Amino acid sequence: MSRDLGLRGLRIRGRSALVAASVTALSLTASGCVVVHGEREVLPAATRAEAADALREFTAAYNAADKAYDGSLDADRTTGALADIDAARLKAGRANSPEGNPGHVPLKLTDAKFTIPEKAGWPRWFLADAAGNKGGDVRWLLVFTRDGLDDTWEVAYLTLVAPDDVPEFRTDEDGWAEAVPADAGDLAVRPGELSEEYAAYLKDGGDAFAQGPHTSAWRALREKRSTRPGLATQYIDEPLTDGDYAPLALRTKDGGALVFFTTRHFEKQTAATGASVPTPNKNVLALTTGEIRQSLTMEFVSNEVALDPAEGGVEILGRIQGLTSAKGE
């Protein structure tokens, strides 16, 4: 089942200085200056020390924001799907508890492993894989990204997966990983098309995705909910692929890819004449505009991580979904 980041509390982020060769290296020669442009050179996205600093700084910012229910304390440490989910979580928390989070437990991430791809151009990014003190026996997968050397490392994707589901990655002799382009044609689904394919699958089904809790089981649950007496529930699913929502993929040892991608989902509940929509919880109400009379439309952002093989169905390993807004009518 999916984990609602807004209700469970999840997040992370960081920044530091990259080694000179990492983005723009300047070397002096007998004939003058030679500039190596990071936007064209294939370089590691970060040093391993920098990646560890980014994770530590993100965790500190996340804990401060969670304790105070103050989104400004880690707004510069998140982007994309995670930013949407977490900002809404903190907004709802502050509305219901202006003095801060009475149940705050600091997040601790240990046993961190970093998969850092070599690539040219921006954004540069890397994967942190750590054990956490929340969520049970799972691995926390956080994708850090930034668009320039002077930018802060931000977390765009955060998902939780079973330890055995984390694949082995293809690396070179120095331990650097391989980023997979969005248009890679040697996979079951091109990474750049996964968001659109997943939205289409949730609507119509098909064989692009392997059965599991985030595919066949989720479709069955939504079908069951849509037929409740006195309450009609409609679903709309949309891809999110541009800018900070762009999919990011790493080549796995077996030739496939681990892909992180984003989708948006709408759920509209409409009560029959004479009936009413079930009263939502206080976190939903805190994000709701309008008056809930006969219908409630909720908007969610979801970030997924999937194993995209060379052949066969794509397997969704993890999904974190958070309510970002709601409207009553």
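Glu299 stands opposite Ser325 in strand 16. The model in which this pairing occurs is predicted. Strand 15 (residues 295-308) and strand 16 run antiparallel and are joined by twelve bridges. Six residues lie between the two strands of this hairpin. Among them is Gly312, which takes a positive phi near 100°. Strand 16 also pairs with strand 14 (residues 288-289). That pairing is parallel and rests on two bridges. Here Thr289 stands opposite Lys327 of strand 16. Strand 16 covers residues 315-328 and is mostly covered, with eleven of its 14 residues buried.

Ala210 is found in the loop between helix 4 and helix 5 (216-225). The C-alpha atoms of Ala210 and Gly312 are separated by 8.0 Å, although the two residues are 102 apart along the chain. Beyond four places in sequence, Ala210 touches Thr215, Gly313, Val314 and Glu315. Ala210 has a relative accessibility of 29%, so it counts as partly exposed.

Confidence was examined next. The mean pLDDT of the chain is 89. A value of 70 or more is reached by 88% of the residues. Where pLDDT is low, predicted coordinates should not be read in detail.

Helix 2 spans residues 48-68. At 1.5 Å a residue, its 21 residues should span 30 Å. The end C-alpha atoms are 31 Å apart, which agrees with that expectation. Buried residues of helix 2 are Glu50, Ala51, Ala54, Leu55, Phe58, Thr59, Ala61, Tyr62, Asn63, Ala65 and Asp66. After helix 2 comes Tyr69, with a positive phi near 50°.

Strand 8 contains Leu141. Leu141 is buried, with a relative accessible area of 2%. Its C-alpha atom is separated by 9.8 Å from that of Phe114, 27 residues away along the chain. Neighbours within four places in sequence aside, Leu141 is in contact with Leu127, Ala128, Asp129, Tyr157, Leu158, Thr159, Val161, Val166, Phe260 and Val305.

Aromatic side chains were then searched across the whole structure, which gave eight pairs. In one of these, the ring centres of Tyr198 and Phe261 are 5.7 Å apart. Their planes meet at 85°, so the pair is edge-to-face. Tyr198 belongs to helix 4 (residues 194-204) and Phe261 to strand 13 (residues 257-271), so the pair ties together parts that are 63 residues apart in sequence. Both partners are covered. Tyr198 is buried at a relative accessible area of 0%, and Phe261 counts as buried at 1%.

A further pair joins Tyr201 and Phe209. The ring centres are 5.4 Å apart and the planes stand at 55°, so the pair is tilted. Tyr201 is buried, with a relative accessible area of 6%. Phe209 counts as buried at 5% relative accessibility. Elsewhere, ring pairs link Phe58, Phe114, Phe126, Phe144 and Trp153 into a cluster. Phe58 is also one of the buried residues of helix 2.

Two arginines sit over tryptophan rings. The charged end of Arg48 is placed over the ring of Trp176, 4.2 Å from its centre. The charged end of Arg124 is placed over the ring of Trp122, 4.9 Å from its centre.

Finally, three strands form an open sheet in the order 4-6-10, with mixed pairing. Strand 4 (43-44) and strand 10 (177-178) stand at the edges. Each has a single partner strand, so one side of each is left without a neighbour in the sheet. Strand 4 pairs with strand 6 (residues 117-119) in the antiparallel sense over two bridges. Leu43 has Lys119 of strand 6 as its bridge partner.

Key. Residues are numbered from 1 along each chain as its sequence is written. This is a predicted model: local features need pLDDT of at least 70, side-chain atom pairs count only at pLDDT 80 or more; totals for chains, interfaces and linings use all residues. Side-chain values use heavy atoms; hydrogens and water are left out. Helices (H or I, at least four residues) and strands (E, at least two) are DSSP runs, numbered from the N terminus. The expected span of a helix is 1.5 Å times one less than its number of residues. Buried means under 20% relative accessible area, exposed over 50%, partly exposed in between (1.4 Å probe, protein chains only). Rings of Phe, Tyr and Trp (its six-membered ring) pair if their centres lie within 6.5 Å; planes under 30 degrees apart count as stacked, over 60 as edge-to-face and the rest as tilted. A charge sits over a ring if NZ of Lys or CZ of Arg is within 6 Å of the ring centre and within 35 degrees of the ring normal. pLDDT is the predictor's confidence in each residue, from 0 to 100. Two strands pair if DSSP finds at least two bridges between them. Contact means heavy atoms within 4.5 Å.
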